[in-house]
Amino acid sequence: MKSRITTTGCLSIFFITGISAFAQTKDVDSLLTLLKQEKDPIAKTLLYNKISQEIYGINGQRYFSAGDHDYFMEAHAYADSGLQLAGDVSFHEGEIELNRTVGDLYLYEENYDEAIRYYTISYETAFRYGTDYQKALALYNLGMIHSRLEKPVQALEYINLALSLYQGDDHDKSWQLDVYRIISEIYEKANEYRLSVEYGNAALDMAKRANDTANIAIISMTLANAYLPLNKIDTAAYLYETAIEYFHATGNFNNKALALRKYASEIIRSRDPAKSLEMLLEAAQLYEQSNPKSPDLADTYRQISEIHRQTGNKDNMEYYRSKALQKALLSGHPSVITNIYVWLGTEALKTMRQDRAERYFLSAERYNSMTGSVADKITILNYLSEIYKRKGNARKMFEIAQEAVRLHDSLTTVEDQRHLDLLNIQYELKELSEKKEMELRMTAEQQQRRIRQRNLIIILSSAALVILFILQLKLVRNSRNVKKKNIMLEETHKKMMFVQNQLRTANGELNLYRQDLEKMVRQKADEQAQKDMQLYGLSNNIPGGFIYRKTVDKHGHEQLLYISSNIWKLYGVFADDLTGKGDFFSFLGEEFVAALKRKEAGINGKKEQFRYESAVVLNDRTIWLLVCAFPNSGSDETVIWDGLVIDITRQKESEQILKAAKERAEEADRLKSVFLANMSHEIRTPMNAILGFIYFLENENLAPEKRKKYIETIQKSAEQLLKLVENIIDISKLEVRQIKMFPTEFALNELMRELEEAFAGEIPAGKALFVQFDDTRASQDDVIYTDRMRLKQILQNLLENAIKYTDKGYVRFGYKHTNTDMLQFFVEDTGIGIPDDQQNVIFEYFRQGDYAELMPKYGGTGLGLSISKGLTECLGGKIYLESEQNQGSTFYFTIKKRLE
């Protein structure tokens, strides 16, 4: 056996190196295949170690996702098998490596007690059988764990001891790089920033020379954290940017997100909030992709919400507040959830929402009880005391204030002790640093003493060899008895190993069973969380509506259990302010609440859905709501109502528009019927006159005077009929926008005199009125460029109407210049006037005003004003009127002086 072990010691380095090279090209399956084929126990031990490392991703490429507990159990099982085999063949180098591997496994699982135990076993075995390098590795790992446990003095002691055992050669600087990096991190955590910078810069130089991108990223972020308290902001900014770049290059997106958060919040936010927001959103996206349950994600969304509050973007601020709370709850970390609830409570207090703030701080207090943080407890109690003070609840305020004072007194003692501990740690760190320098000087002096002592040792060695020879002779005599005892001890050892293996097997099975149960619980929790997220997303994305659930007890008391949080986007009311209340619909008005209760009472215990529509005035705006609700039976005669509320305002407005369009269509149909009847009369009247007087003209004995009078009557009736046809043609052209303008240049006053002369001679008999062109506002030589015929047609229509509806008085017309390129015309009369309620319809087709007495007395088709309105618009202007019933009317219209 001794020769076998000696051979093992000689071959161990060869096997370790060979398998490491082999693993660079083979995956875990290949290693498992090689394990089945391998017969040598030494090589199998090393294969077990390498497979365990590869499965959990400790060294080399990660074939699986590190951090999964299933992979931990599998890796642990292979390491245990290797430890058992190494113990069977007394392969000490294998025991050293495998114990360190198991320690690494527990380190990744954050089980520090077990990790320390296995690293200690590895060190003790290496101290007896291993090399300085193996001892140093175990000490280095112990230093890393104590650093994580925030024990910097012990950590530095272990790491310095490891560094004194093994410095590495010129080709192996990675060891010294890792040690300097860890020392820099320890000093940074202990607030010794200058020492952290000193060691960090040394480590960064080594990493850059070795082109070690992973270490460059980590060291840069540590240095940036150390430079910030030293007020070297630009240097810290450069190092954060370097860390972000290298984390991205190495694919370490979780650390990249952490660097983005630190850079954005510590440096960029005060300089450029927009850029800070962009970096925080990128960090959130990285967390969502790599670890959606990360506790850092909640704080990232909190920072994003605060930037939106700073820039006044209320919608995004509220959205990311809800995201922060959602991610905190999803992370399952009580301290993270506590901090988010405290933050939400303080934000609610700023906006004077005491009820909401109270709920947030009570939730924070509930989760704080899981963490045991006295400082957070005092903060929560102080805020609750302020809330109850604002509410006027003096008794409750006094009770909470007393509890806060009691906790503060106890915390002061703890904080004082912590402060003393921190000062002690800083003193010990400085003392340790000075001790290290002293040790280096003492080492140099010891080397000189060793040279002087070497000669003496050579002399003593010669004498010792003689003594050893004599002792060896005595040992030979007792060797037989020793061999027998060794055989008995070996048998006892085998029995103990058998029992130990059985215990390990049973323990492994129990661990596997426990892990299966934990996996099942996590899976169910994840499924429930996913369902909750789906329900949250669906309920908050109902177009124009929201859902709610409430209970109504046998006494009629209501309580809201749930309501979609997007209600604040629809109606400006926050869901948190409504949850738990009984009058949660009061913001929609008492009438709405009363009508809803009547509808619910009408169900009378039946499981039937009801629908209810109601108009509600909200924020000076009338909206229509549709409520659909369904009852379910609860305990103690309680009724659970599940309801859906949808805004149907657009639907109602569409119905009103359709109704109005229908009424307009019916009115248009009625007016057309009246128009056709009127047209029939208007056409028959001149046609009858023409036909009748033509019949009279056939009489040869007709006197010349009567014949001339008959011919004039026929001519006037024909002109009346022709004008009617022309009006119908103009209306048709105006409706299809096919009427054309033919502008010419002419003198406007000539046209006005022409109209005055024409209409002055057409005053019907029996009317005491006169027609006059009012030239007081006109110019002598007005020359305009427009369609003369159409302008004359407009004036003729207005003058004919004025004469038709005026029995006595006057009809004046004229024009005046405006300050623009427009002319304003007017036609004024002293006729019957137009009531206010009819002035808005007389320009419509077929309208004469809704007078029953107008048609028989005045006649007409109702087309003149409609044609005038259309022609005025074609000439670039508009038409309007001023009128008072029985006091006369004045029609105004404008046209462009020059029609292009």
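Tutor: Happy to. Helices (H or I, at least four residues) and strands (E, at least two) are DSSP runs, numbered from the N terminus. By that count the protein has 29 helices and 12 strands. The model is predicted, so local features need pLDDT of at least 70 and side-chain atom pairs count only at pLDDT 80 or more, while totals for chains, interfaces and linings use all residues. Residues are numbered from 1 along each chain as its sequence is written, and side-chain values use heavy atoms, with hydrogens and water left out.

Let's begin with the whole chain. Of its 900 residues, 40% count as buried; buried means under 20% relative accessible area, exposed over 50%, and partly exposed in between (1.4 Å probe, protein chains only). A contact means heavy atoms within 4.5 Å. Among contacts with a separation of 6 or more, 60% link residues 24 or more positions apart.

Now for the helix pairs. Helix H2 (residues 28–37) packs with helix H3 (residues 41–56) at an angle of about 160°, their axes 10 Å apart. Axes are lines fitted to C-alpha atoms, for helices over the stretch in contact, and angles run from 0 to 180 degrees between N-to-C directions. That angle makes H2 roughly antiparallel to H3 (under 35 degrees is roughly parallel, over 145 roughly antiparallel, 65 to 115 roughly perpendicular, and the rest oblique). Their crossing is left-handed, a term used if the near helix is turned anticlockwise from the far one by less than a right angle, with clockwise being right-handed. From H2 the contact draws on Val28, Leu31, Leu32, Leu34 and Leu35, and H3 contributes residues including Lys44, Leu47, Tyr48 and Ile51. Sorted by class, the contact of H2 with H3 has 9 nonpolar, no polar and 3 charged residues. Here Ala, Val, Leu, Ile, Met, Phe, Trp, Tyr, Cys and Pro count as nonpolar, Asp, Glu, Lys and Arg as charged, and the others, Gly among them, as polar.

Further along, the loop between helix H4 (69–88) and helix H5 (92–108) holds Ser90. Its phi is near 55°, a positive value in a residue other than glycine. For comparison, most residues other than glycine have a negative phi. Ser90 is partly exposed, with a relative accessible area of 27%.

Next come helix H6 (residues 112–129) and helix H7 (residues 132–148), packed at an angle of about 160° with axes 8 Å apart. H6 and H7 are therefore roughly antiparallel to each other, and their crossing is left-handed. On the H6 side, the meeting residues include Tyr112, Ala115, Tyr119, Tyr123 and Phe127; on the H7 side they include Gln134, Leu139, Leu142, Ile145 and Arg148. This contact divides into 11 nonpolar, 5 polar and 2 charged residues.

Helix H10 (residues 193–209) contains Met206, which counts as buried at 13% relative accessibility. Not counting residues up to four places away in sequence, Met206 touches Gln176, Leu177 and Tyr180. Met206 and Tyr180 are 26 residues apart along the chain, yet their C-alpha atoms are separated by 9.5 Å.

H11 in turn packs with helix H12 (residues 233–250) at an angle of about 155°, their axes 8 Å apart. H11 and H12 are therefore roughly antiparallel to each other, and the crossing is left-handed. Among the residues making the contact are Ile216, Met221 and Tyr227 of H11, and Leu239, Tyr246 and Phe247 of H12. By class, this contact has 14 nonpolar, 6 polar and no charged residues.

Finally, two polar side chains inside helices. Thr300 sits in helix H15 (residues 295–311) and is buried, with a relative accessible area of 0%. Its side chain makes a polar contact with the side chain of Arg261 (3.1 Å). A polar contact is a pair of N or O atoms within 3.5 Å; within protein, one must be able to donate a hydrogen and the other to accept it, and residues adjacent in sequence count only if both atoms are side-chain atoms. Leaving aside neighbours within four places in sequence, Thr300 also has Leu280, Ala283, Ala284 and Tyr287 among its contacts. Ser866, in helix H29 (residues 864–874), counts as buried at 3% relative accessibility. A polar atom of the Ser866 side chain lies 3.1 Å from the backbone oxygen of Phe843.
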